[in-house]
Amino acid sequence: MKALRVLLIAALLAACGKKEEPPPPPPPAIPVADFTVLATTDLKDAQPLEEMVLKATGVRLRFRYGGTMESTEAVLSGDAKADGAWFANAKYLLSSTQGQGRVKLQEKIMLSPIAVGVSESDAKRYGWDKPDLKLTWKDIASAAKAGKLNYALSNPATSNQGFMALMGVVAAASGKSEALAAADVDRSAIADFLKGYRLPGDNSTYLSEQFILQQGTRVNAFINYESWLLSLNASGKLREKLRLIYPYEGVSTADYPFMLLNDTRRADYVKVVDYLKSEPAQTWLARQTLRRPIRPEIAAKVDDLLPRQGLQVELPFSPDRALADGLIAAYLNEFRTPIASTFVLDTSGSMNGGGRRQQLIQALHYIAGADASLTGRIARLTQREKLWFLTFSDTVRRPQAFVVPAGKAAARGVAEQDDSEAMRQVLADVRDSADKLQMKGGTALYDAVYDALKLMLDERGKNPAYQYSVVAFTDGESNQGRTLEAFKRDYAALPEDVKAIPVFMVLFGEANEQALKDLVKITGGRVFDARKMPLYSVFKDIRAYQ
Amino acid sequence: MPMSASRRAAITVLLAGAFGGALWFALRGQKQDLIEQNDAAAAASMVPLQGVISLDVETFFKDPRVLKVLAAKRMPVNVVRVGSREMAGKVLAGGSANGAPDFFFPSGVVAANQVADAARKANIPAAQVSPFFTPMVIASWEPVAKILVANGMAKAMGPRVYGVDMAKLTQAMLAKTRWKDLKDAGAYEVGRSVLVSTTDLRRSNSGAMYLALTSQALTGDVVTDRATAQSTALKLAELFKRQGYQENYVNGNFDDYVAIGIGKTPMAFIYENQLVSYALAKKGVGEGMVLLYPLPTIVNKVVFVSMNERAKALGELLANDAELQGIAVEYGFRIADSDRFMSTVKPTGLAVEPRVTQVVDPPSFEIMAEMIDTVAKEMSQ
């Protein structure tokens with residue numbers, strides 16, 4: 001009897017125990033989808049947040065970087081391919097109803113005002129080291145005109161810092177307290193300001209590197225977010241520290257809104273934002289990237305890290321698209337140093353393969369097209385631009401010249417103008433010439449690049465007020481004419497001025513990339529792989545160097 | 001060999017005893033857990049009410065104490081935050097089985113009326129109740145308030161509490177007065193125009209309330225006819241346009257006021273509960289932060305719009321449950337019991353007006369829509 005009872009209890013326990021068996025090994029972890037974030041390039045220093053966010057929230061954040069205008073365009077057109085976006089300034093995006101529709105939620109994460117960092121010795125010399133200094137953007141433009149201020153700044157057509165600096169100048173020069181319109185813009189103030197624009201570029205990392213090299217020789221100032229200037233000061237790499245000047249009644253503060261684009265990721269978005277606004281993340285951002293915490297009580301705890309602000313009156317952001325578009329167009333078409341370049345076009349037989357001819361024609365149509373989007377107009381030929389086609393196969397042919405006429409300069413204002421009839425004709429000519437390209441014969445690449453450099457050198461002697469470069473489109477297999485060695489020898493014999501003319505290689509097909517890299521090592525410039533990069537990116541990058 | 005009857009009986013008893021014993025053992029430690037699990041299961045078996053709410057009440061609905069009260073009352077909720085202006089578009093016939101929200105909790109009367117209007121068109125028996133309220137105020141800074149007092153546009157109503165003459169302030173703004181043009185402007189002698197920053201009225205309720213209030217200030221009365229609505233809104237459009245870019249989410253101008261400060265936002269038109277809840281959460285406010293009460297002002301009723309009987313009961317609970325009312329005060333809202341509001345706010349050091357007595361109503365829903373349309377058209381030009 002007893003045995004039976006024990007047995008029964010054992011059986012019961014076993015039955016119970018069955019439920020308590022260790023659970024089967026968990027199924028192979030389902031990969032958590034990344035939370036992709038399109039971020040402006042000035043946020044590269046915040047990349048360690050990916051790791052921190054994962055640890056704190058389990059959300060796998062992945063940053064992808066782009067310029068402000070390019071990223072704005074991507075979000076506006078619904079092409080961002082990202083769950084979220086994080087911009088230094090999203091006002092351009094959010095001042096259109098289309099942009100508002102794309103952004104489901106937004107939350108500001110931190111702050112950094114744009115400042116003018118001036119080498120301390122020069123700041124002292126000009127009396128700009130006084131605590132009660134009231135230097136306006138108008139004063140800054142005058143100093144640039146007088147040659148006292150030679151600055152580095154990212155491109156006004158592609159970046160927030162460059163654009164807001166230009167806005168600050170025109171707002172201060174207009175004397176209006178608000179609601180600036182395209183028609184009010186004082187054009188001479190823009191011209192004055194841009195006289196000091198010595199070091200252009202496309203992103204803060206590149207500009208910082210160049211600024212370190214050129215401080216004291218070509219440039220004595222850097223216009224950028226306070227966070228980048230303070231980081232440079234702390235890096236110990238500068239010849240001398242920068243004194244930060246916050247333009248009087250013209251400060252523009254980046255407020256870094258973190259935006260939700262993909263509504264189905266709302267829950268993860270909320271987790272990420274809660275973490276980014278938490279004390280550990282805010283303190284990390286302040287200490288490591290020198291941005292100001294959005295939460296005042298945390299800002300108070302780290303105020304030893306950041307300059308005291310006093311009263312900094314903000315520049316109101318004009319949501320007037322006509323003004324913004326007009327300013328960018330005026331900058332590109334009228335105020336920036338005009339571009340002169342020779343396009344070296346490979347018309348060898350190998351270019352018939354793999355759709356390369358079609359790619360080349362597409363590229364030429366792209367720059368001579370009518371794409372008026374934010375990004376299209378940066379890649380596009382601008383007024384005053386000079387362009388030569390230099391085609392080659394076995395031998396190099398004669399160059400064909402195109403000159404885009406200047407527009408009619410308005411006395412005042414920057415209202416955007418339609419392309420003139422003359423400009424449209426030049427663009428059509430460029431497209432026609434592209435369509436007529438015939439591919440046959442060998443590839444005398446080094447001869448062609450050499451001839452192009454000589455052509456640009458001659459032109460530069462005649463008209464130095466242009467920015468010269470060579471852009472070569474090729475599948476890169478040189479088999480005629482000069483060898484690389486011979487090119488090197490002949491290049492060395494050219495006048496020293498040739499060093500100011502970079503060569504950009506745009507690569508198609510299965511080319512010998514290394515040979516092209518060796519070439520640009522000699523000439524300066526860069527290789528762009530048009531098979532891996534969208535054409536827009538290729539041209540935007542080339543523009544940044546032009 | 002067949003089992004004897006007695007033996008069979010014995011086994012049955014044994015089995016029952018063993019089973020019961022084992023069960024008793026098994027349950028002894030888990031009894032409490034099970035009871036709680038049963039409770040939770042009961043709550044979970046109740047289909048949560050689906051709510052579409054504005055940012056203003058989001059923290060309230062996330063508060064664990066609120067969730068607990070709602071669970072105890074068998075009214076769990078599932079809320080999603082949406083801009084007040086977009087709520088009317090979410091009204092759906094067919095009930096929750098169809099994915100339609102059970103209730104809406106927008107940030108103000110105008111949006112609530114839009115929701116109710118949409119419900120009427122969809123033949124849904126919507127009901128409204130206003131469980132808490134907050135007056136519209138101007139968050140500002142002591143030096144700025146003193147300049148307004150020196151120029152006859154404001155008066156001190158107590159220590160660090162000011163009343164603003166909206167008619168005079170509106171006139172000064174329309175006259176494009178700059179801060180540095182004012183008498184005794186030393187503390188804020190800047191070239192910017194005197195303007196109150198608002199959120200984008202095309203997207204948020206507080207911007208619309210600012211339009212309502214300035215229209216009253218300009219005409220001296222509540223606008224009731226379309227012609228006056230149009231002409232008044234045309235005149236007032238510049239108060240929005242001249243601000244430049246306006247944030248288009250409800251906390252936008254308040255975030256700038258708190259984080260960037262006087263240099264960007266000398267005056268921000270907000271709901272009183274925004275600064276009060278901030279003060280309660282931080283146990284204080286930043287140096288120099290003061291509230292200006294427009295004379296008269298508009299009291300914003302936070303309106304709960306229910307789409308069915310169950311949701312209606314939830315609305316009544318929010319309005320009448322003492323605990324929920326108390327929690328609402330902690331988020332900066334005023335309730336019928338004004339002493340409770342005052343005693344809650346007092347420790348923060350933020351000075352508030354005990355009783356807001358000079359109050360006007362916003363114009364009717366149709367007139368408001370007319371004015372908002374007019375301003376929106378002007379702004380997109």
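Visitor: How far apart are the centres of domain 1 and domain 2 of chain A?
Guide: Taken over C-alpha atoms, the centres are 26 Å apart; the domain bounds come from an automatic or database assignment.
Visitor: How many residues does each side put into the contact?
Guide: Domain 1 of chain A gives 13 and domain 2 of chain A gives 14 (contact: C-beta atoms, placed from the backbone, within 7 Å).
Visitor: Which element gives the largest share on the domain 1 side?
Guide: Helix 3 of chain A (residues 68–76), with three residues. Helices are DSSP runs of H or I, at least four residues, numbered from the N terminus. This is a predicted model, where local features need pLDDT of at least 70 and side-chain atom pairs 80 or more, while totals for chains, interfaces and linings use all residues. Residues are numbered from 1 along each chain as written, with chains lettered from A and ligands numbered from 1 in written order.
Visitor: New topic. At what angle do helix 7 and helix 8 of chain A pack?
Guide: About 105°, with the axes of helix 7 (137–145) and helix 8 (160–174) 7 Å apart. The pair is therefore roughly perpendicular (65 to 115 degrees).
Visitor: Which residues meet there?
Guide: A:Trp137, A:Lys138 and A:Ala141 from helix 7 meet A:Gly168, A:Val169, A:Ala172 and A:Ala173 from helix 8.
Visitor: Which residues have the most contacts inside the largest nonpolar core?
Guide: A:Val169, A:Val170, A:Val344, A:Val449 and B:Val164, in a core of 267 residues. Helix 8 of chain A supplies the largest share of this core, 10 residues.
Visitor: What does B:Val164 touch?
Guide: Leaving out residues up to four places away in sequence, its contacts include B:Ile138, B:Leu148, B:Met153 and B:Leu292.

Technical notes:
Axes fitted to C-alpha atoms, helices over the stretch in contact; angles between N-to-C directions. Helix = DSSP H or I, 4+ residues; strand = E, 2+ residues; numbered from the N terminus. Parallel < 35°, antiparallel > 145°, perpendicular 65-115°, else oblique. Contact = placed C-beta atoms within 7 Å. Core = buried A, V, L, I, M, F, W, Y, C linked by C-beta atoms within 7 Å. Buried ≥ 20, exposed ≤ 12 C-beta atoms within 10 Å, placed from the backbone.
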